[in-house]
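Below is a structure, followed by a few questions and answers about how it is arranged.

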Amino acid sequence: MEMGLVGLLRAAWVAAILPLLLASLPLPGLGWLHEAVMGFARRGNIMQSSSCKFTVPQRFFTHLYALAVLWTGLLLAATWLYAYEMAPIASEPFLYSSITSHLTGGSHLFTLHRTRSTPLKHRYMVWKSVFLLLLMEIQVLRRLYENIYVFKHSPSARMHIFAYLTGLFFYTAAPLSLCSNFAVEVYEFSANLVSEFIVRGKDQMASSEFDLWEFVNPLMKLGWRNWIGAIIFFWGWIRQHRCHRILGSLRECREESGEYVIPYGDRFERVSCPRYLAEMVIYAGLVVASGGSDLTIWLLFGFVVANLVFVAEETHRWYHIKFDNYPWDRFAIIPLIY
């Protein structure tokens, strides 16, 4: 069943990547595909005013980020509790205290059994999923905040309904991809807890000692690759927030003047879409933090790159059409390359 979920997610990412890759190829016979995919992807300033069929307000992005915060938070809470109870990375003193607590009736036998029988590598992989979900939650929380307080979407700003549905798919599948190898185990563990609570009630539930340090300490024991990935993640995270601040200020200027303004500052001096470049860095950080051995996370990253490069090309072209004085030395998304 676990391989079924992993296989489904991988198939979904491949199905999402292929049209973007094909539409990006400069082949005459694929021009119709490029226009079709771009028509679905258009939003905001690159959406033609005449293209109002099957569109929704761009402020509906709030729905996507609210869903992402709730869904990622749920997965994080369930996976973290599962890791704490079923895959502890216990130090020797803690293990001895767990044995003593069990003998005195204070801890759950099944937890102690899993501590001994579950391979240490497996337990580290579970905690690595917790780490990735924690980073993802930090990302979507910031995006929700920005969408409410930084971006002031114009009432006339629209996006294609397909782009909206793609966002719903992405923010459902992306967090799940970060913990897909253990999602079924986590679900069964959570379902058993809920069933036990319903049948026995709170007072009859098996008591278990809660140690805050042991709840957080396993994250401190992750490898250097995980932490390097987190550093890459936060570098992109900070850069993207700066870019969004700049764009948010430009939208305030547009409300006053009624005209679009060329963005300047930070990485806007080098590329037209530095926020997209920062997003790619964020998900590259997740790949590194995962250890780089999970194909599902690589496919997630592949979709992010294919999607953002495709949209950045159209945004870059729009800037050059809209502004006669647009800097010609700027690239679309990757400095000196593209």
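**Helix packing and cores**

Helices α6 and α7 are roughly antiparallel to each other. The model is predicted: local features need pLDDT of at least 70 and side-chain atom pairs count only at pLDDT 80 or more, while totals for chains, interfaces and linings use all residues. Residues are numbered from 1 along each chain as its sequence is written, and side-chain values use heavy atoms, with hydrogens and water left out.

Q: At what angle do α6 and α7 pack?
A: Helices (H or I, at least four residues) are DSSP runs, numbered from the N terminus. Axes are lines fitted to C-alpha atoms, for helices over the stretch in contact, and angles run from 0 to 180 degrees between N-to-C directions. Angles over 145 degrees count as roughly antiparallel. Helix α6 (residues 120-150) and helix α7 (residues 161-178) have axes 8 Å apart, and their angle is about 155°.

Q: Which residues of α7 meet α6?
A: Contact means heavy atoms within 4.5 Å. From α6 come Ser129, Leu132, Leu133, Met136, Val140 and Arg143, and they meet, in α7, Tyr171, Ala174, Pro175 and Leu178.

Q: Is Met125 buried, partly exposed or exposed?
A: Met125 has its place in helix α6. Buried means under 20% relative accessible area, exposed over 50%, and partly exposed in between (1.4 Å probe, protein chains only). With a relative accessible area of 30%, Met125 is partly exposed.

Q: Which residues have the most contacts inside the largest nonpolar core?
A: A nonpolar core is a set of buried Ala, Val, Leu, Ile, Met, Phe, Trp, Tyr and Cys residues joined through side-chain atoms within 4.5 Å. The largest one has 76 residues, and the most contacts inside it belong to Phe170, Tyr171 and Tyr283.

Q: How is α3 oriented relative to α8?
A: The axes of α3 and helix α8 (residues 183-200) lie 9 Å apart, at an angle of about 85°. Angles of 65 to 115 degrees count as roughly perpendicular. Therefore α3 stands to α8 as roughly perpendicular.

Q: How far apart are the end C-alpha atoms of residues 295-312?
A: UniProt, in an unreviewed entry, lists residues 295-312 among its "transmembrane region" features; such annotations may be inferred rather than shown by experiment. Over residues 295-312 the chain is 100% helix and 0% strand, and the end C-alpha atoms are separated by 25 Å.

Methods
Helix = DSSP H or I, 4+ residues; strand = E, 2+ residues; numbered from the N terminus. Parallel < 35°, antiparallel > 145°, perpendicular 65-115°, else oblique.
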